[in-house]
Amino acid sequence: MKPPSKDAITKALNILLESIQEENKRAFASSCTYPLDSIPFKQLATNAKALGLAKSYLNKEADDLISRIQNYRNLAAPINRLPEEILVMILETFAASRTVHDTLQLLRIGRRWYRAIVSSPQLWTRLDSTLPPKIARLVVERSNDLPILSFDWNTADGQGYQNKRKEILEIALQNSTRFTLMKFQVSSSDPIEIRPLLKAATPMLKTLTVEVGKGSVARGAGLGAFVISDGVSLKHLALHDTSLNFDSPRLSGLITLSLYRSAVPTSVSTLLQVLSATQRLEELALGENGRIGQPVAPGPQVTLGHLKELKIEDITNHYCAALLSSICTPVCSCVYVRDSRRREGTDTLDPLIWQSGNTQTATLLGLDQQSDTRVLGISITAKYGVVVIQVREQGGGSGRFFSFVRPHPWELLNLLGHFLSDIPFSPPVDLTISSGMPHGDSFNLTPWSSLLESLGLSDPKACLRALEQLAQRTAAPNASERGTNATQVEDWVCPNLQYITLYIRDIESQRESLLSLVRKRWSGTESGVAPANPPSEFEIICPRSGYKELRELELEVQKVVPSFVFRG
């Protein structure tokens with residue numbers, strides 16, 4: 001937008017000065033019309049004062065006019081043409097995901113918004129510990145008798161405002177029967193101040209979260225267990241470093257359950273009793289408790305027919321194994337299991353979990369006929385005694401992850417191979433054995449023979465075993481059949497293997513083993529039987545010393561396996 005011309009500004013100022021001259025009954029020359037040096041000295045001050053007065057009044061009138069224009073424009077805006085009840089519905093949706101402070105800010109937008117907010121009790125149904133007591137009382141008053149949809153108590157960041165928190169706590173206690181959601185985040189140094197509210201009558205409560213922060217006080221010692229009052233069934237429960245009476249009938253309708261640190265029951269049987277009573281549970285999360293002592297034994301079988309998400313993280317290995325062997329999750333599509341980093345004796349439970357025909361474990365892996373998502377492949381990695389299983393699903397998803405720490409990882413790998421081989425719907429497997437695995441000579445390809453599509457090995461002894469076993473033939477299930485009743489036919493070990501990566505530091509010591517494998521498996525010159533299909537990729541990673549000798553060996557192997565290559 002262009003500014004007014006100088007002539008227009010001069011005319012406007014002259015009109016204003018003439019008006020001032022007329023109002024004050026005195027004459028003076030206009031500095032807009034005459035040169036300054038033609039105006040008598042005594043009149044300069046008067047002229048300056050008159051121009052300043054004109055400017056101030058002009059600014060005031062312009063500001064008032066701009067304000068009226070903006071106000072009219074706001075009134076004409078589409079949102080201000082909405083009926084007030086529609087505006088309140090929009091504000092209610094906004095308030096559902098915001099704090100009371102955000103609602104208070106909306107009061108400043110305009111008279112119409114202020115009137116709509118103040119006269120709508122449903123917009124005043126949230127309390128939190130950061131409110132000044134006067135505002136908290138105002139919120140309670142304006143909410144009338146409606147249920148208070150959320151009460152948020154957060155003292156984990158510090159110990160300030162002690163007196164203010166006491167007043168807020170008193171207000172909360174007076175209105176606890178109206179709460180439908182309570183969320184507590186408290187410091188571990190002084191969590192006991194919320195005990196009265198946890199024990200108060202909360203007949204309408206449906207969501208409860210209690211989290212005690214990490215600190216110098218022993219976990220859970222400051223707050224301890226509490227008994228929840230009678231009322232409607234809880235829908236969502238999350239406890240961190242505290243516990244409640246798990247026999248409460250209010251837990252029967254739980255949809256989500258999260259238990260962390262000392263909130264995890266020390267007995268698997270106790271946890272299973274809670275789970276068996278929750279017929280509608282859809283999400284279960286357990287974590288950060290690596291201190292549960294032995295012995296831990298599996299409990300009675302519990303079917304969680306509605307469970308969709310399972311998360312077990314940093315729970316002692318024997319507890320995790322006992323729980324997995326005790327639950328059945330027929331529709332669970334998101335699984336994350338990572339047991340404790342501690343190396344504990346859990347090998348005795350592994351044969352139970354990975355027993356051939358165990359439909360519970362197959363369901364967790366998504367390998368049952370009822371699964372809605374097709375499993376495209378399974379990646380298994382073993383490194384430093386940790387066995388990781390990742391399931392690749394249709395659509396690029398990877399919603400199933402398992403990580404197990406074992407003192408004897410080779411035993412678990414053998415169990416995994418046999419277990420997957422007996423599943424009719426088991427997909428191709430990528431197996432990677434990294435460095436740091438003790439007793440590499442225990443590596444055995446036989447359990448994986450019908451499954452492997454990709455093999456990566458870093459352990460020297462495991463590499464030698466692979467070179468030896470891949471040159472062998474064995475009885476294996478018919479390629480078109482799978483399961484315990486499949487017909488056994490003789491074939492090469494891992495006939496479907498397409499990708500091979502071996503890390504061999506001293507390739508010269510393995511030269512004859514490599515050439516023997518190539519001649520027997522892929523050329524058929526030594527075995528006298530039909531050769532196996534050559535892999536799509538076959539690489540050996542080794543030091544590049546002795547380049548000429550490596551190149552000669554590489555060319556010799558490539559005559560039979562064109563994809564073979566040495567990499568440094």
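1. Helices H9 and H10. The axes of helix H9 (residues 268-277) and helix H10 (residues 317-324) cross at roughly 40° and come within 10 Å of each other. That makes H9 oblique to H10. Angles under 35 degrees count as roughly parallel, over 145 as roughly antiparallel, 65 to 115 as roughly perpendicular, and the rest as oblique. Axes are lines fitted to C-alpha atoms, for helices over the stretch in contact, and angles run from 0 to 180 degrees between N-to-C directions. Two packed helices are described by the angle and the distance between their axes.

2. Basis of the values. This is a predicted model, in which local features need pLDDT of at least 70 and side-chain atom pairs count only at pLDDT 80 or more, while totals for chains, interfaces and linings use all residues. Residues are numbered from 1 along each chain as its sequence is written, and side-chain values use heavy atoms, with hydrogens and water left out.

3. Who meets whom. From H9, Val268, Leu271, Leu272 and Leu275 meet Tyr319, Ala322 and Leu323 of H10. Contact means heavy atoms within 4.5 Å. The residues of this contact divide into seven nonpolar, no polar and no charged. Ala, Val, Leu, Ile, Met, Phe, Trp, Tyr, Cys and Pro count as nonpolar, Asp, Glu, Lys and Arg as charged, and the others, Gly among them, as polar.

4. The whole protein. There are 16 helices and 23 strands. Both are DSSP runs, numbered from the N terminus: helices are H or I with at least four residues, strands E with at least two. Of the 568 residues, 46% are buried. Buried means under 20% relative accessible area, exposed over 50%, and partly exposed in between (1.4 Å probe, protein chains only). Take the contacts between residues at least 6 apart in sequence: 66% join residues at least 24 apart.

5. Helix H6 and asparagine 144. In H6, the buried residues are Pro133, Ala136, Val139, Val140 and Arg142. Asparagine 144 follows H6. It sits in the loop between helix H6 (133-142) and strand S2 (150-154). Phi of asparagine 144 is positive, near 55°. Asparagine 144 is partly exposed, at 45% relative accessible area.

6. Tyrosine 384. Where is tyrosine 384 found? Tyrosine 384 lies in the loop between strand S14 (375-383) and strand S15 (386-393). Its phi is positive, about 50°, although it is not a glycine. Tyrosine 384 counts as partly exposed, at 46% relative accessibility.
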